[in-house]
Amino acid sequence: MEQERGIFVLKRLRAHAPLLAVLVVALAYRLYLWKRSGVALYGDMLRYDTMAEHLVHLGYLGYGAGPDAFVTPLYPLFVALFYALLGAVHAHGLSHARLVHEVYLVQQVLSLSSLVLAYVIGCQLQNRVVGLASAILSLVYLQNDFIGLMLLTEALFMPLLFATLALYIQAQKTGGRWWYAAAGIALGLTTLVRPTVLPLAAVFLGLDLWLRFGRSGRAVGTWERLSARRDYVQTSVVFVGAVILTLVPWWIRNEIDLHHFVLLSTEAGNPLLAGADPYFRVSVDALIQSSRALHETQQTFAIHYALTGLRTHFFLFAGWYLFGKLPYLLWTPWLYAYLAPFVLFHRVVVVVGAVCMLGLLGSRHARVIAWTSLILLLIQMVFLPITRYGYPVVALWLLLIPVAASELWKRVKGVRE
């Protein structure tokens, strides 16, 4: 029995040996980057560092002198956890730069999970060849190798986003309620890192409805449709309940510490206002000053500014929100924009990936990835358009390109036969 089990494990390892080779190369390269990289905190990284320090030493989650909900909590909690653990392991203490550098090491190792999940998703959608192609594309896309070397949410957001998609695809393929619950928990955790993904809950419910009752759905007879309808309601309740259950501790904390309900965070107004003026003719500082002069929050002022612009300069503002932000989000890579060959590679990925996304919107299971990338892109069109916010969308397109290539090859092969 033990011998048969050993043979089975050995066969499984051989089947996935190419992935193991990719992971070894990725680990060696990312550790090399970590060893060669220093620590330079700026922008949002300073905020997360300060919040983690406050958690460890003062016991509250906030950037200022007291608790706040300016950002969702999971990434500051993640950083604070390792600040505390590393501080306990090193009895003589570490300099703060060394402490941050050790967290970078944790993030670099964690980033390998995205490669594994890219492989898993490719296998779910097609086969191991497609999975391996997805993992290799994710490896050579340099941002994926570098995100662990910054104190930014992407280090935790990308593995959780990929895990959510893998779990939801598996839930759709098997119909298992535990898979739906796991996908809901994963989406809740991803939301607690970056709140813009919460609308994906509604998208997933719609895609599940499409899968069950669409033209190619499984339910064909009256009885089957009734059974499928009941099953859809039950799995939807499980999924949504898991999402809500994951968010409840954050809501309770906000009621206790802030004495009012905060759904996700209070930071939405700033990126909303920063992306409100077409082509940045007016600086964000001037817009903030205008909001203060009118005694309005940045979010309220941004909405009023956009609505007024649509009434007075419709085509300018409509074009800005529909198409004008795309070059700022996608055309130049986040990081490594000084490497001309990589910029060319990135732009090829953007063009091909966008085509693949549109082409796979109707695919049976790949549409989960296609619609997710499209919705995330549309959400970012409302806010400040910077390359960092476009990066997750391109990372998802790297999963779609091998799937689309496989589908195209099958069709060409079928026509020839």
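**Close-up 1. Val355, Cys356, Gly359, Leu360, Ser363, Ala404, Glu407, Leu408 and Arg411 form the lining of the second largest pocket.** As in every view here, what you see is a predicted model. The space in this second largest pocket comes to about 220 Å³. Two helices, α18 (340–359) and α20, each contribute at least two residues to its lining. Of these, α20 provides the largest share, with four residues. Sorted by class, the lining of the second largest pocket holds five nonpolar, two polar and two charged residues.

**Close-up 2. The largest pocket has a volume of about 840 Å³.** Its lining is made up of 34 residues, and if you want to find the centre, look for Asp44, Glu267, Pro271, Arg388 and Tyr389, which lie nearest to that point. Five helices each supply at least two residues of the lining of the largest pocket: α3 (44–57), α4 (74–89), α13 (269–274), α19 (367–380) and α20 (387–416). Among the contributors, α3 gives the most, with four residues. The lining of the largest pocket divides into 22 nonpolar, seven polar and five charged residues.

**Close-up 3. Helix α16 spans residues 314–324 and carries several buried residues.** Here you can pick out Phe317, Ala318, Trp320, Tyr321 and Gly324, which are buried. What do the buried residues of α16 pack against? Their partners are α15 (298–312) and α17 (326–331).

**Close-up 4. His295 sits in the loop between α14 (284–293) and α15.** The backbone is worth a look at this spot: phi of His295 is near 60°, a positive value in a residue other than glycine. Is His295 buried or exposed? With a relative accessible area of 75%, His295 lies over the 50% cut-off, so it counts as exposed.

**Close-up 5. Tyr336 is found in the loop between α17 and α18.** This tyrosine has a positive phi too, with a value near 60° in a residue other than glycine. Is Tyr336 buried or exposed? The relative accessible area of Tyr336 is 11%, which is under the 20% cut-off, so Tyr336 counts as buried. If you set this view beside the previous one, you have an exposed His295 and a buried Tyr336, each with phi near 60°.

Technical notes. Residues numbered from 1 in each chain as written. Predicted model: local features only at pLDDT ≥ 70, side-chain atom pairs only at ≥ 80, totals over all residues. Heavy atoms only, no water. 1 Å grid on protein atoms, 1.4 Å probe; cavity = no way out; pocket = protein on both sides within 12 Å on 5 of 7 lines; lining within 4 Å. Points joined across faces, edges and corners; volume = space filled by probe spheres on them. Nonpolar A, V, L, I, M, F, W, Y, C, P; charged D, E, K, R; others polar. Buried < 20%, exposed > 50% of the residue type's maximum accessible area, 1.4 Å probe, protein only. Contact = heavy atoms within 4.5 Å.
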